[in-house]
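Hello,

Here is the structure you were waiting for. Please open it first, then read the notes below.

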Amino acid sequence: MIGIRSWGIYVPFWRLDLGCVRKGLKGERAVANFDEDSLTMGVAAGINCLHKIDRGSVDGLFFASTTFPYKEKQASVTAATALDLNTDNLLTADFGNSLRSGTTALQAAYNAVVAGTAKQILVIASDMRIPMSGSDLERELGDGAAAFLISSVEPNVKIRDGFSVADEILDVWRTDEDRVVRSWEERFNLDQGYFRVLPKAVSGLLQKNKMTIKDLSIAVLYGPNKRRHAEMGKRLGLTPEQLEPSLFGIVGDTGAASTMMMLASALDKAESGEVILAASYGNGADALLFEVESKTEPRPGIQAYIESGNVLQDYMRYLHWRGLIERVTGRRRPPIPSPSASCIWREADQNIRFYASKCGQCGTIQYPPNRICHDCKAKDEFESYRLSDKKAELNTFTEDYATPNPDPPLVLAVIDFNGGGRTSLYMTDKGGKELSIGMTVEMTFRKLFTTEGIHNYTWKCRPVRFSGEI
Amino acid sequence: MESIKDRVAIIGMGCTKFGEHWDKSFYDLVIDSCYQAFDDAGIEPSDVQAAWIGTNNGYHRGTGLIPLHLDNIPITRVENACATGTDAMRNAAYAVAAGIYDIVLVSGVEKTKDYGFSGLPVSPPSYPEMAMSQTRPAVPMPSQFALMANKYFHHYGIDPKEGKRAMAKISVKNHHNGTLNPLAHMRREVTIEKVLKAPMIAKPLGLLDCCGVSDGAAAVILTRPEIAEKYRDDYILIKGLGVACGDEYAQTRPEFDWTHWKENIVASGRAYEEAGITNPREQVDVAEVHDCFTINELVTYEDLGFSQRGKAIEDIDSGFFELDGGLPVNPDGGLKSFGHPIGASGIRMVYEIYLQLRGKAGPRQVSDAKVGLIHNIGGWPGAFTSAIGIFGRREH
């Protein structure tokens, strides 16, 4: 059997209060922090998904997004490195340019595993689309990610079938130079796009499998907003109980990750034997059919992320994060020079895989990795030791209010890892939390800065988002 | 290893006013400080046989001394972060002690006010690894020292408010001393309340816990004692020098507790040994320490053996380090009043000791100062260069 073995989502710490965007708007939408992008959020979802799974056993990574950090440079490779997968034997691909790229990647992964190309492929969908300031989309779009491990090894959810429709239309789009999302008149988009095309994929899949809508336990449907999502459910003949709730008003439409995040929520709740349909939309539609074989221990879901996040009531700060306004952040010259590509390459194990060195003689864990042990002075005798999955204790810290930081204050932390090793790094997603020496922090993959066309990624720490083992 | 004690004499010094010298270039500061030193020593520029220039972000190699037109003598630039000035002097002193040169010049200079912003760059361009790679987070200086302040208070169970008040007292003391010094940049009294209410920079360090950024230069002429006698009677002698460099232990070794800097202990230990000092609290009469941030002066009291471990605050409260206390520290106003033109600060400290040991410090004169110490530290936690110099009167 081939199917889904594990899944995990990611919702950013911050959710923008829509009331501060425009008077009268209600609800929230998840917004990535200034140091996040689709790649870092995807890595976070991947970490959740690979919980308790040997990273070396994953032999493929497909990454879906419409907001890749680079147009020419594969996000799946950076994600695989950050996730410390075995990149020496790994099938990678980026799936882009459509909000259904997540489900398309999932189908492609399924097909590759069926064909025997790989045994386990991690599929990540992540998006951080920027709505134009003042547009209706400002209420609907959100940032987030989901990841699924498609596997021939111990899958819990069987993938039964898929059906796709391709459809040529300009309803919601960006050119290769647009930063913000464009859209045509809503009536046109709905009548000739969403309402016409998505049902074609759903009925195509059901007919192919000799099923009716009543045979579905749950239907996960992409929707452009809360009202139209509910309307689609009715048009398809779904009962309210059959329709997996949308994420509007709390997370929003997370683009390529939208259907995938809702699917994860549905799977979290699903009992064995349930049949689930997931359908996405974007220049066509994908419909996928799943059957739950065995109940799985749920991963931290939407609710857990919401409870562990915070509400941002500062629209200007959000606009600054997205580069939609220029804001004084203090004068610090010289400006940050471009990082060196050869240094980034040379330091990838240290900075992206977050490897410490573990001395082969005395076992001391040291970060940044040392060639000469700082304790016993053994030379070139160490093994790599992954820190990204370790929790740590806050040894000391400071909150810097003078150094420009788009999410002030800049928090510098010195942390002691559980299992050994100490380092200093930035903290992010502090929110309103009071910090204290001795508190537990966890690692999160973030963007340090972007300059002269180079994104410089790093690991930061953050207060733990979920208590207990995740 | 041999000791430097009594092998090198200071026969002349110069020091510019520190401040925002919008009308002066790096070269102007060099000329003003060095010619003051030549005049003070009673030598001609042509008497200088070799020169060292200490500058952190200034001119590369010896080019900072070009305006002196020193006729092809060897000039070496020393860069050792905020300890640059002291380390330039140390290298020059060793060359003199070795007998290679008879009279040398050490110039410490920094021109910081042309950067276009207040404060120092997050990662100065002279840190090649960071400037080239830029792959790792840069950390501003106030934050580096704030890490220690938080942990020091936590370690000794000191109420953070109490700790902040103790740091404020250091600021108040140094600012007071600075009012007595015409060369200081910021010459105004501050109160504890004012320090406590100053804008937060890096918690718990407020604006008045941090030193300013200034332009400035200082220069010193070194020779051997037998030659010094020809120039003046009241030359002073180097009694001990110590430099120690850390390997980033603070942020890499979990056993480090943030209550001290090892570099200070090693560097001062070496200097004390050379100078024959076994009880610094009693034997040092006056000290200039690196008060870039008030917490650093506080911890330095303990690292240098002026206060017992964890007891610095008791000595602060008793006024032990004030001008009329048992061991006046930073009588010239320190970095708090002078600001910190990086390469100049160490030589500026020597200048104050040079005045104090010769009874020339005017209203801030420490009575009967025979032994003076300077402490100059640069870098970041666990990766500091700590430089110590101990000086004595000729007869001492």
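**Contacts and overall build**

In chain B, 78% of the contacts between residues at least 6 apart in sequence join residues at least 24 apart. For chain A, residues 24 or more positions apart account for 70% of the contacts with a separation of 6 or more. Keep in mind that this is a predicted model.

Chain A first. Its secondary structure comes to eleven helices and 22 strands. The C-alpha trace of chain A spans about 70 × 50 × 40 Å along its principal axes. A compact globule of 470 residues would have a radius of gyration near 23 Å, and the 22 Å of chain A agrees with that. Buried residues make up 51% of chain A.

Now chain B. It has 13 helices and eleven strands. Its C-alpha trace spans about 55 × 45 × 40 Å along the principal axes. In chain B, 60% of the residues count as buried.

**Domains of chain A**

Across the boundary, 17 residues of domain 1 of chain A are in contact with 17 residues of domain 2 of chain A. On the domain 1 side, α1 (38-49), α2 (75-82) and α9 (315-321) of chain A each supply at least two residues. That side divides into seven nonpolar, six polar and four charged residues.

**Domains of chain B**

Both domains of chain B are assigned in two segments: domain 1 is 9-115 + 215-235, and domain 2 is 141-211 + 238-393. Their centres are separated by 24 Å, again over C-alpha atoms. The contact takes 34 residues from domain 1 of chain B and 32 residues from domain 2 of chain B. On the domain 1 side, β1 (9-15), α2 (84-97), β4 (104-110) and β7 (216-223) of chain B each supply at least two residues. Of these, α2(B) gives the most, with seven residues. By class, this side of domain 1 of chain B has 15 nonpolar, 13 polar and six charged residues.

**Where the chains meet**

The contact between the chains takes 32 residues from chain B and 35 residues from chain A. On the chain B side, α3 (128-133), α4 and β5 (200-202) each supply at least two residues. The largest share of that side comes from α4(B), with seven residues. The chain B side holds 18 nonpolar, nine polar and five charged residues.

**The nonpolar core**

The largest nonpolar core has 261 residues. Val123(A) and Ala146(A) have the most contacts inside this core. Helix α13 (residues 342-357) of chain B gives the most to the core, with ten residues. In general, nonpolar side chains tend to be buried together in soluble globular proteins.

What does Val123(A) touch, leaving aside its neighbours within four places in sequence? Its contacts are Phe62(A), Ala105(A), Leu106(A), Ala109(A), Ala147(A), Phe148(A) and Ile150(A).

Start with α5 of chain A, residues 186-208. This helix has 23 residues and reaches 31 Å from its first C-alpha to its last, close to the 33 Å expected. Its buried residues are Gly193(A), Tyr194(A), Leu198(A), Ala201(A), Val202(A), Leu205(A) and Leu206(A). An α-helix has 3.6 residues a turn, so residues three or four places apart point the same way. What covers the buried residues of α5(A) includes β8 (157-166), α6 (226-235), β12 (275-281) and β13 (284-292) of chain A. Just after the helix, Lys210(A) takes a positive phi of about 50 degrees.

Then go to α10 of chain B, residues 294-303. Why is α10(B) described as largely enclosed by the rest of the structure? Ten of its ten residues are buried. Charged residues are on that buried list too, including Glu297(B), Glu302(B) and Asp303(B). The buried residues of α10(B) pack against α4 (141-155), α5 (160-179), β6 (205-206), α8 (262-275), α11 (312-318) and β10 (371-380) of chain B. Just after α10(B), Gly305(B) takes a positive phi of about 80 degrees.

Best regards

Key. Residues numbered from 1 in each chain as written. Chains lettered and ligands numbered in written order. Helix = DSSP H or I, 4+ residues; strand = E, 2+ residues; numbered from the N terminus. Expected span 1.5 Å × (residues − 1). Buried ≥ 20, exposed ≤ 12 C-beta atoms within 10 Å, placed from the backbone. Contact = placed C-beta atoms within 7 Å. Core = buried A, V, L, I, M, F, W, Y, C linked by C-beta atoms within 7 Å. Rg over C-alpha atoms; globule rule 2.2 N^0.38 Å. Domains from an automatic or database assignment.
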